[in-house]
Amino acid sequence: MGEFGQALMNAATLIVSFDGDFLGIVGLSLRVSLSAVLIACIIGFPLGALLALSRFPGRGAAVAVLNALMGLPPVVVGLIVFLLLSRAGPFGVLGLLFTPTAMIIAQTILVTPIIAALTRQTVTDLWAEYGEQLRSLGATRADTIATLLWDGRFSLTTIVLAGFGRAIAEVGAVMIVGGNIDNVTRVMTTAIALETSKGDLEMALGLGIVLLVLALAVNGVSQAIAAGASRASQQAVRA
Amino acid sequence: MTAPSTILPLEVTDLVYEIDGKRLLHDISFRLSIGSRTVLLGPNGAGKSLTLRLCHGLLTPTMGAIRWGSQISDGKMSGEPAGALARAQRHQAMVFQRPVLLRRSARGNVEHALKLRRVARAQRRARADLALAQTGLAALGDQPARTLSGGEQQRLALARAWATSPQVLFLDEPTANLDPAATRAVETLIDGFHAAGTKIVMTTHDLGQAQRIADEILFLHNGRLLEQTPADQFFTAPQTRAAQAFIKGELLW
Amino acid sequence: MVAPRRQLGWLVFLAVFALATPAPPAYGERALILATTTSVDNSGLLDHLRPQLAAQTGLEVHVVVRGTGAALRLGVSGDADVVFVHDRAAEDAFMAAGHGVLRRDVMTSDFLIVGPRSDPANIAQLTGPTGAAPALRRIAETETLFVSRGDSSGTHNAELALWRSAGIDPRALAGSWYRETGSGMGATLNIAAALDAHLLTESGTWTKFANRGALTVLVANALANPYGVMLVNPARHPHIPEADARKFIDWLTGADAQRAIDEFTIDGQHPFRSAAAASP
């Protein structure tokens, strides 16, 4: 238990010390993952809703592909983005490799399928309930998507958190496309991998505990938001 | 409200509806005119709700025609059929057996419907409040719609319909889930719609309700329209044996 | 309505973070990208050199840490501007293929054979370059556990060269005593510590490595480990800031940095010897 005790001490020390490098790592982790989640939501919400409401040939296959993409290995995404952004790749001239932007791109690719697939499910369920009423009211496709996304906001909050969890916890993609450059692209997970490779397992675990606290804090904040809103308008189904 | 002309009458000709090759409605033809309250009556599974949804445009007929406003002279209702149906639908509203309410306030639900009907933002609030007042929900405007009682929810659905000033109001078993008091309240509101000139087209399997509301009965059984009769005539002298049995409470299948 | 406003707040919160993300550095004013190996970075040598580098050259250097094989590939693709690795044969091939235009010796460290303190293969009395081959032969004969990087890194290639000089092809021998981790030096060290296995490592990483468990150095100075620095061919990759890259290489192989390399200590030991010190 000595290692765990030491790890807890390290975590506590890191948190209370307000060490500049450490705060930089935490800040970059949040910035990269929250940006990726935001972009993934902007793409994934309408995409998922559209997929739920549209009928076209190959829709079943598209849904299956989207669901499968939820299981994309981060390393594979990292590799693909790396090859695309490499100087030898098609987008090499942008010079984005080993920058936070590259990390955001990779995590966006990881998170978007999760947001889109789960949104599709939520909207499909809501459409079953609301569809006739909305069509009776003359809702257009855009009206319908906006209405269903808004009415599904509590489920969508959970979906966003699932996406954020995946982004903040992954190491494979950001390690490859970010390069774990000190003060530039080092985030919590790559720092943990680095400390592990140095054999400083107590520090690695300490950082892991901080990451956990961070994830808890983000979840707590959004749950407090959702709870306030939910108390106000949680449905009381009366048959 | 602002429409100078009416979308009525509704002309339904040889309507057929099938799902997966199973024929649920057989060659139904009828004509609905302005002014009267029409009740589609029949046992469960007769095809009342299907007919209502087809008329409202929520379902597409397998065969047959649904034509609104054949007498309209300005020509707006003629032309490409789907467009004509959509234009006609703008002057209709429907209230369902289970009210579908959004996770918003009661007023928000009405305002949302007005927004979908492209009513200017500035007018929505006033029109919503008027509709809530008409349905006795003025005090509940800020309450989340889904926390209202069953009767209040159905009245809110009626307020939402009322706010959009429909020429035709479809009601699909609107009181099937309600207690007698709430049922009475809903029936009173339906009378109000009728008094204001809205065409009422309603389904029910409740004989008493049909007697209270109907000017005209469409009696359906097993996917066929057996009678279209003025209400007093239907209840005193039904023409078909199925209708006679139904009135006597000898439910038939 | 309270609910929408709170949801909006959450969105604004997200948006602020998104907008706070810095734009990628503009072309021409970007930092130098140095691809190097774990032994250089994990040992702490770069942190030791960094203050002098900044003070004397003003260069901003972004360090990407990979195995030698992967680091060289970053040079081939032009994703790194300067490559600082330790695999002479691979470096020569890199230069011969025209991927690099300038190569200089920087420093040398030692490869060590590390194993359990109980010394089950009885190799602890062996030492120096002449001791490596017999030690590996004894490990193979006694079939005691040996973990290999197995990742085409400089250390992995050095290990394979040592096995060849011992006349043994460990992968051809039946038996589960030889295991390839396919991982970096640190991960492989962690595995060796957990399994009480032997492995070949390098003095820089080893001296800094904390999670040793029962492992200790059994054969010191098993093989010299020379490091070279190379400039990636700017003719092939016009985006490379050649002047900065040359400035960095000149500095690294210059008198001040060379002295700093010799002065670098971990727990009182000097894991690296500068090239300047080696060739008087």
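This is a predicted model: local features need pLDDT of at least 70, side-chain atom pairs count only at pLDDT 80 or more; totals for chains, interfaces and linings use all residues.
## A tryptophan in helix α5 of chain A

A:W127 is partly exposed, with a relative accessibility of 23%, where buried stands for under 20% relative accessible area, exposed for over 50% and partly exposed for what lies in between, computed with a 1.4 Å probe on the protein chains only. The residue belongs to helix α5 of chain A, helices being DSSP runs of H or I with at least four residues and strands runs of E with at least two, both numbered from the N terminus. Apart from residues up to four places away in sequence, A:W127 touches A:L53, A:L134, A:R135, A:T144 and A:L148, a contact being a pair of heavy atoms within 4.5 Å.

Residues are numbered from 1 along each chain as its sequence is written, chains are lettered from A and ligands numbered from 1 in the order of writing, and side-chain values rest on heavy atoms, with hydrogens and water left out.

## Chain A as a whole

Chain A holds 10 helices and 0 strands, and its C-alpha trace spans about 65 × 50 × 25 Å along the principal axes. Of its 239 residues, 54% are buried, and of the contacts between residues at least 6 apart in sequence, 73% join residues at least 24 apart.

One residue of helix α1 (residues 2-17) is A:A11, which counts as buried at 3% relative accessibility. Beyond its neighbours up to four places away in sequence, A:A11 touches A:G206, A:I209 and A:V210, and its C-alpha atom is separated by 9.4 Å from that of A:L211, 200 residues apart along the chain.

Between the two chains, 28 residues of chain B are in contact with 25 residues of chain A. The area buried between them is about 2,400 Å², of which 45% is on carbon and sulfur atoms; buried area is the accessible area (1.4 Å probe) that two parts lose on being put together, summed over both. On the side of chain B, the residues that lose the most area to chain A are B:R103, B:L116 and B:R146, which together account for 31% of what that side buries.

Chain C has 12 helices and 9 strands, and 53% of its 280 residues are buried. In helix α8 (residues 185-195) of this chain lies C:T188, buried with a relative accessible area of 1%. Its side chain reaches the backbone oxygen of C:S183 at 3.4 Å, and its contacts outside four places in sequence include C:V147, C:R149 and C:L199.

C:S153, in the loop between β5 (146-148) and α7 (154-165) of chain C, is also buried, at 2% relative accessibility. A polar contact of 3.3 Å links its side chain with that of C:R149; such a contact is a pair of N or O atoms within 3.5 Å, of which, within protein, one must be able to donate a hydrogen and the other to accept it, and residues adjacent in sequence count only if both atoms are side-chain atoms.

## Cavities

A cavity is a set of points, on a 1 Å grid over the protein atoms alone, where a 1.4 Å probe fits but cannot get out, and lining residues have an atom within 4 Å of a point; points are joined across faces, edges and corners, and the volume is the space filled by probe spheres set on them. There are 5 cavities of 30 Å³ or more, and the largest cavity has a volume of about 90 Å³.

The lining of the largest cavity includes C:L34, C:R50, C:F84 and C:W251. Each of α3 (45-57), β2 (61-65) and α10 (242-252) of chain C supplies at least two lining residues, and α3(C) gives the largest share with 4 residues. By class the lining has 10 nonpolar, no polar and 1 charged residues, where Ala, Val, Leu, Ile, Met, Phe, Trp, Tyr, Cys and Pro count as nonpolar, Asp, Glu, Lys and Arg as charged, and the others, Gly among them, as polar.

Definitions and conventions. On a 1 Å grid over the protein atoms alone, a cavity is a set of points where a 1.4 Å probe fits but cannot get out, and a pocket is an open set with protein on both sides within 12 Å along at least five of seven lines; lining residues have an atom within 4 Å of a point.
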